[in-house]
Structures are given as C-alpha cells and as structure tokens.
Amino acid sequence: MLTRRRFLALPLALAPLVLSACAPQNSTPDAPLLMLDAPASSLAALRGKPVLLTFWATSCPGCIEEIPLLSELHTSYAARGLQVIGIAMNYDPETQVRALRERLQVPYPLALDKDGAVSAAMGTVRLTPTTFLLDAQGQVVYQKIGIFDLNKVKGLIEGMLPKS
C-alpha cells in the first residue's frame, strides 16, 4: 500500500523527467545540403529563418501529390522569409530528380541527400513524404509522415514570420 509519504514523494521524484520533457529541444544537428543548381549549403546555414524541409522521392505518389502544396507555401511565404526545400532521398538518381522538377515545374529549391546525412540528422527518415518545419533556431516545431495538413502548417508558419 502506498503511504502518504511515498505518495507525496512520487511527484517530486518525477519532476526532473517532466521538466526535461518540457525543456526546449536542441537545434537540429548540422548536415551538408547538396543543392540542385545552387551553391552547397548546410542545415546550420539555414538558421535565422523558418525552414520547411520535405523528404521525397520521384517514385512516391504522395510526394508528387504534395508538390502543389509545397509550391503554394513557397509562393505565399518566401518573400516573408520561409525557406522551402525538397530533399530527394539517397536512392533517387539526380537525373530523375531533375526530370521531375522540369516536368512539374517545381518552383522551390531541391537538394540531393546522396549519402543520407540529412536524413540521419533529422532522425533517419525512412518513409516519404516526411515533412519538418523548423523554427529560426533550427528546432523542429512540426513533423509529419505522409501528406501534411496545409492549414495547420500555414498557421504555424504565420506565427513564425513577420506580419506582412
């Protein structure tokens, strides 16, 4: 039977666990970004602005379905500071990525994750599409496996960007 003393001590014993779960998370680890038709960059270089990263594949129907949503976010928010980057999975050949970008007129920057380093930095992405919204400090504020909720993401982005 739980005594009164033990009952009162339990919340105190659990306090460090609860507080550590509520503490701000560290920024995402750094990883190189091999940009398609742009200078190489890194996750760390993107800090200072909100960033929407989406891991995708040319053979993924959900990824193709998501491109118009990402294009809308890029068109609506790039001028206010949002960076949208599509990251092709390491198994996607560069020629296929380029061909799909041309065919679908993808307006936002694309990167190749040839060695899986960006995926590993984000916790080893295994399924596509997987989307991460990072705040200006590089902390993940939203993560979704599958097609993201456009209205929810817009609301989060609006809260991070200066008012227009």
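## A disulfide, a helix and a threonine

At 9% relative accessibility, Cys 60 counts as buried. The model discussed here is predicted.

User: Which residue does a disulfide join to Cys 60?
Analyst: A disulfide is a pair of cysteine sulfur atoms within 2.5 Å. The sulfur of Cys 60 has a partner at 2.4 Å, so the pair meets this cut-off. The partner is Cys 63.

User: Is the disulfide of Cys 60 and Cys 63 right-handed or left-handed?
Analyst: The handedness follows from the torsion about the S-S bond. For Cys 60 and Cys 63 this torsion is about 80°, so the disulfide is right-handed.

User: Is Cys 63 buried or exposed?
Analyst: Buried means under 20% relative accessible area. The relative accessibility of Cys 63 is 2%, so Cys 63 counts as buried.

User: What arc do the buried residues of helix H3 cover around the axis?
Analyst: Helix H3 spans residues 94-104, and its buried residues are Val 97, Leu 100 and Arg 101. They lie on the same side of H3, because the arc they cover is only 100°.

User: Which residues are exposed on the other side of H3?
Analyst: The buried residues of H3 pack against strands E3, E4 and E5 and helix H2. The other side of H3 has exposed residues, namely Thr 95 and Arg 103.

User: Which residue's backbone oxygen does the side chain of Thr 130 reach?
Analyst: Thr 130 is in strand E6, residues 130-134. At 3% relative accessibility, Thr 130 counts as buried. Its side chain reaches a backbone oxygen at 2.4 Å, that of Leu 127.

Methods:
Residues numbered from 1 in each chain as written. Predicted model: local features only at pLDDT ≥ 70, side-chain atom pairs only at ≥ 80, totals over all residues. Heavy atoms only, no water. Helix = DSSP H or I, 4+ residues; strand = E, 2+ residues; numbered from the N terminus. Buried < 20%, exposed > 50% of the residue type's maximum accessible area, 1.4 Å probe, protein only. Polar contact = N/O pair within 3.5 Å; in protein donor to acceptor, adjacent residues only side chain to side chain. Arc of directions from axis to C-beta. Contact = heavy atoms within 4.5 Å.
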